[in-house]
Amino acid sequence: MAAVSKTRNMIEGFVRDGSFKWLLKNKNPFHEEFEEMKASPSAGNNWIHELSPVANIVVRRCSKILKIPTGQLQDIFNGEATDAIKDPSCYARNFLEYSCYKALSVFTQVSGYMEDRKFRRLTFDMMLAWEVPDAASQPTNTMDIDEDASVGIEAFSRIAPAVPIIADVIVSDYIFEFLTASTGSRLQFSTFEKYLIGLERAARKLKSQSESSLLSPQRSERGERILEIDGTVTTQPVLQHVGISTWPGRLTLTDHAMYFEALRVVSYDKPTVYELADDLKQIVKPELTGPWGTRLFDKAFLYKSVSLSEAVVMELPELKGHNRRDYWLAVIREILYAHRFIRKFQISGVEREETLLKTIFGIIRMQALKDMMTSATPLSFEAGLMFNACDQLPGGDRILETLATIHLRKSGTSGGMSATTMASSLGIVFGKSSEIVGDVSVGELTPLEKAVKESRSTYKMVASAQAAVDGVKVEGIDTNLAVMKELLFPVTELGNRLVKLYYWEEPIRSFMFCLVSTYVIYRGWLSYVVGLMLAFIALFIVITRWFSRGREVDEFRVMAPPPMNTMEQLLAIQNAISQAEELIQDGNILLLKLRGLLLSIFPQASDRFAVALVITAVFVAVVPMRYVIIAVLLEEWTKYSPMRRSSTERLNRRLREWWFSIPAAPVVLEKVNDEKKKK
């Protein structure tokens, strides 16, 4: 008992001395630096009164990286920035952004910076300071910020894109949403650090693959870089389907093409190249595969181009889901879209290298995020890749046009660094250095950020509308027909009224309709009538909107048809198919008879048809078009009137007899010999 009491007294002494404070409370990342700044003799000179304590600490770190005093850094900013950027209402945040961008551009030029925990901590602290930049936004006591502090999407979107490998302006929002899916849209340092570690690991893997001798004869001409390899593990094979043949092998993706090497007994065959850089009208899309040509498993993608006589299907089997296929499909499309972007805007030289490196950095980010993916936080590969996202976003073409124009932008108060410069710091040799800077700018949104922001706001409306569309979809042929019938009720009702007028079931109304229509056409008022109808529809929409303001939208109610069992559904489908087949047959007969008339296969009928066409042509050529339209209207609208009904019935009978007397042109069905390649 004496030993236990002695041990307890020793632990209590350590606690009183503060030796175990790190066990009792989260460590404050700013406390030590804050105390050091207060104790420094030059504290007054290095302390900027417009900034919050956290922002002062971050700016102090930036000045150390830049190797200039804080006061001198502020003087440089004041000399370079415009009056709008130096406005007192936003001075603190803009100066903080300027310091961060400058420091990051220097820090990221050091080889191996991704492995440095100081870089990861600095980048995150920049985001923390961005949220509380001025002195009024944070108390002097920095002890309120602990290790669990988190940042929002705006801070991430302003700081992270300054380092191209961490985020891109186009996809930074989605990266943040994925990283914060389980933390309530607030990014914590532990998650951010895990993401950066994954980026460093993926970049190191890319470097080792590109420096290997794999496919070196094929890659050397264009300096291709290997981005991904699959099929090297027997438990995760890659199967190539060409026709009825199937071969396992190794699939390799570079920044210009895709290579497949069929696996033989102990080695690989000569690689087959599937080009992505050249304009070969490539199509890459998901595909279903299965035994004996069946379409059962959704785990493959199809590649097709004009250089191939037959489409190629790459299957990536896995036990559950199709994430492996989705990842490959997304990265292949990203390379394909990048080269289409380069060709469309005729980008060359350093700008072309910059574009390809941004594409590579996007794939590196996907590799890092893929390692963090769980069943609770699924990853959309297309949304996280720049060119895939532009292909999906509304207004994505405008984003690409803006992106093409900024490649020649020179550095001023802009932030970030070029992708080619960053590639060199990561040990990836890619062309020569570039003067192109990042896609962020101090104190204002760049044209690219504005285009992305506008596109994403439109996308939210489109997504909301699509969710509403998905919510009203119903299943079953009979149910959908019932809904369509109710929706088309006003149109069918109008059609029924016109039919009554056409068949003169109400002679007075039919006569008035015919008279008014003829007068409108004769006076040339038809365009005014159409315009008046459109204006009436617009007025109806405005009035309806005005009176329905503040009211909930009335649901469209449809009487559900009686439920059908499986046999009834099969019979309904069979009847629908039979009716469709009859319509197709009637259409084919019509086309074959017209073919016979045009080619004079049946001279007597063709002569009559030709005479009728000549008479019609002369009438249309001689008579003014206004009177032609009136004549056609009167002919069609009065043929079922009481005076002409009997003659119309006789004429229709003669026309049917003449039509039925025309035989169809002969048709011969030839079978095509199936000659597929067999290996």
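1. The largest nonpolar core holds 117 residues, and Ile166, Tyr195 and Phe301 have the most contacts inside it. A core here is a set of buried Ala, Val, Leu, Ile, Met, Phe, Trp, Tyr and Cys residues joined through side-chain atoms within 4.5 Å. Buried means under 20% relative accessible area, exposed over 50%, partly exposed in between (1.4 Å probe, protein chains only). Helix H13 (residues 323-344) gives the largest share of this core, 12 residues. Helices (H or I, at least four residues) and strands (E, at least two) are DSSP runs, numbered from the N terminus.

2. On provenance: this is a predicted model, where local features need pLDDT of at least 70, side-chain atom pairs count only at pLDDT 80 or more, and totals for chains, interfaces and linings use all residues. Residues are numbered from 1 along each chain as its sequence is written, and side-chain values use heavy atoms, with hydrogens and water left out.

3. What does Ile166 contact, leaving aside its neighbours within four places in sequence? Its partners are Phe119, Thr123, Ala160, Ile175, Phe192, Tyr195, Leu196, Leu199 and Arg365. Contact means heavy atoms within 4.5 Å. A second, separate core of six residues includes Leu501, Tyr502, Trp504 and Trp637.

4. Some nonpolar side chains sit on the surface. Ile477, Leu481, Met567, Leu570, Leu571, Ile573 and Ile577 form a patch with about 690 Å² of accessible area together. Patches take residues with over 30% relative accessible area and no salt bridge; like charges are joined within 9 Å, nonpolar side chains (Val, Leu, Ile, Met, Phe, Trp, Tyr) within 5 Å. Areas come from the Shrake-Rupley method with a 1.4 Å probe; for residues, only the protein chains shown count as cover. H23 gives the most, five residues. Met567 lies in helix H23 and is exposed, at 54% relative accessible area.

5. The salt bridges number 24. The rule is a side-chain nitrogen of Lys or Arg within 4 Å of a carboxyl oxygen of Asp or Glu. Glu275 and Arg222 pair at 2.8 Å, N to O. This pair links distant parts of the chain, 53 residues apart: Glu275 is in strand S7 (residues 272-275), Arg222 in the loop between helix H12 (216-219) and strand S3 (226-230). Glu275 is buried at 12% relative accessible area; Arg222 is partly exposed at 33%.

6. Glu657 and Arg653 form a salt bridge at 3.3 Å, N to O. Both lie in helix H26 (residues 645-660), four residues apart, about one turn of the helix. Arg61, Arg121 and Asp125 are linked in a network of salt bridges.
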